[in-house]
Amino acid sequence: MQHVSGLERARAALEQGGRIPAAAVTPLVAESWQRCRDLGLDPSGIPRDVVIPFGDVRHRRDANAVLRSLALAEMQLLHTQIAGSNFMIALADADGVVLDTISDAHFAESSVGRSIIPGSMWGESERGTNALGLVARERQPVAVYGREHYFNCHGHLSCMAAPILDTNGEVLGLLDASCSNEARQQHTHALVRMAAAQIENGLIFREKAGNFIFAFHPRAEYLDTLSAGLIAVSGDGTVVLVNRPGMALLAGLPTAHGVHFDRLFEAGFGAAMDGLLGGGIIRVRDRAGSGVFMVCRQIGEGMAMRSKTRAAPSLPTLISDPEEPDFVCEDRLLKRAMAELVEAAALHMPVHIFGETGTGKELMARHLHKVSRRKGEFVALNCGAVPEPLFIAEIFGHERGAYTNARDDGAPGLARAADGGTLFLDEVAEIPLASQTALLRFLDSMEVRAVGGQKVHKVDVQIVSATNRNLHDMVKDRAFRADLLYRLNAITIKLPTLSERSDFPLVVQHLMKRLAPQAAITDAAIARLAQRAWPGNIRELNAALQRALVRRQTDYLDEDSFDDSAEDPVIDCCMSCLDNTLSRRRCSEIRTTYRQTGNNASETARLLRLSRTTVHKHIR
């Protein structure tokens, strides 16, 4: 006979209306199930999907502004600690109303992920037994795993939550980490509790900014941990607050607001201050006779004395796999392209990369160079930025005095500079027709002869080309040589536009980590960004994030950080033109004309009476 677990027996009793077996589930869960039964909830039914209006969410956020600022920073750190495990981190207020979420992209797209959104309510009466609802009721950390949830549809979910208490010991907010039950990690609940404790300590430092704050613990090495007690003291020695670990360490002693420091510790307040304000660690005894180490962590505002400041904790440095790309590549089409790229590098095949401006063509070329493990340099040439008469000399080099304004000592050329490495021909569609013949000959022989010289040099070069124009159409229009195209595109990698990519949230998170590693961005902000068209692709997204970071008033970005009405009406410009109004407008005109001409830099230059070099400066 097949063994049936205690949880499954309890589930069967729950769904059949029977008595729940004792000890089959924890008392917290059993009591919650009974409350849900009393409310008439059907465990096989569908939970009530209650979401309050966004105006009410905004009001609740404003009322919890300090909590939100501290919590989102901790959520971002928690995100880095458990990333990749198909999870969501949620912040809720004391009523169980979700204010913000930061999540793994896969979880956010799941049915449960789409229901954990700002404004959603997770009390027992709406969602049955769940961690957020239980924590709001019980005021203690709770984990609800899999089929411990009341509703069957939540049986694949694990939730771990902890309360965040204000300086008066009241529940101010709730922190939750939810993931698929199969992906749950035993340490996640501990990380959530630690994050909640860190937020509570942050609230103490914020709200007691006018007081001294001392950390104490029986072991000196624990003074920088969350198990240390914190005690806030006024200038005359009156205790205004003791945190939860501190109250546990001082159990049996009077820790209520208004008690004097001298009633808790044998050393007088004045004597203790002499040692603490010197920045050192002192050892004192509490009134119960236990020895503790103590250090000053904050001097109140307006109390101009020396303090010992602590460096902000730094995020761990991750050692990356040399085979892993330096960019996000979770989109299905991109993954397939990446696999082809590795094979092409192994076979020394010329690779052509096709994609719109800003889709990451050069990043892909550099990754190919990395996976090829070639010892030589990665050498890039913007073919559209080189004046036509100098194109051959730029690639193949020139001898001394080979032409007017030639360098006195000559130049070896980029092909020789890339010997043993990779030559990246960016904007390859802009190569002048007259120069295409010489490039074709080089690709056939891999031999280089400098302009004005006689000596031939054999080179070993991986060729990578890129453009945002359709070379096959150019061949039909006789603007590009067919035989050169066939040499360049032994394999073609097509990069999707940003709006086509299925891994958009991961792209945003990757850029944020690079631009501001300590700053959080919420799921609601990413959802708003995903609604835009992004004609400039990743380059434009990067600029939008930079602008939002510059304008932000907090340590995080939410959906209000990307209010379209607040954006500069002239946003289609390159990074170098962002800070100058006249430059932005000129740049926007160039980029608009470039798109109207079918991404033809030469035609854009002709219409606007500019050099091709100037055009390429603004379209990159």
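**View 1. Glu430 and Arg469 pair through their side chains.** The side chains of Glu430 and Arg469 form a salt bridge, 3.1 Å from N to O. A salt bridge here is a side-chain nitrogen of Lys or Arg within 4 Å of a carboxyl oxygen of Asp or Glu. The pair links distant parts of the chain, 39 residues apart. Glu430 sits in the loop between strand E13 (422–426) and helix H16 (433–445). Arg469 sits in the loop between strand E16 (462–467) and helix H17 (471–476). Helices (H or I, at least four residues) and strands (E, at least two) are DSSP runs, numbered from the N terminus. Glu430 and Arg469 are buried. Buried means under 20% relative accessible area, exposed over 50%, partly exposed in between (1.4 Å probe, protein chains only).

This is a predicted model: local features need pLDDT of at least 70, side-chain atom pairs count only at pLDDT 80 or more, and totals for chains, interfaces and linings use all residues. Residues are numbered from 1 along each chain as its sequence is written, and side-chain values use heavy atoms, leaving out hydrogens and water.

**View 2. Arg68 meets Asp100.** The closest N and O atoms of this salt bridge are 2.5 Å apart. Arg68 lies in helix H4 (residues 65–81) and Asp100 in strand E2 (residues 98–103), so the pair ties together parts 32 residues apart in sequence. Arg68 and Asp100 are both buried.

**View 3. A network of salt bridges links Arg61, Arg68, Asp100, Asp558 and Glu559**. Side chains of opposite charge can pair when their charged atoms come close. The count of salt bridges in the model is 24.

**View 4. Arg137 pairs with Glu138.** Their side chains meet in a salt bridge, 3.8 Å from N to O. Glu138 is partly exposed, at 26% relative accessible area.
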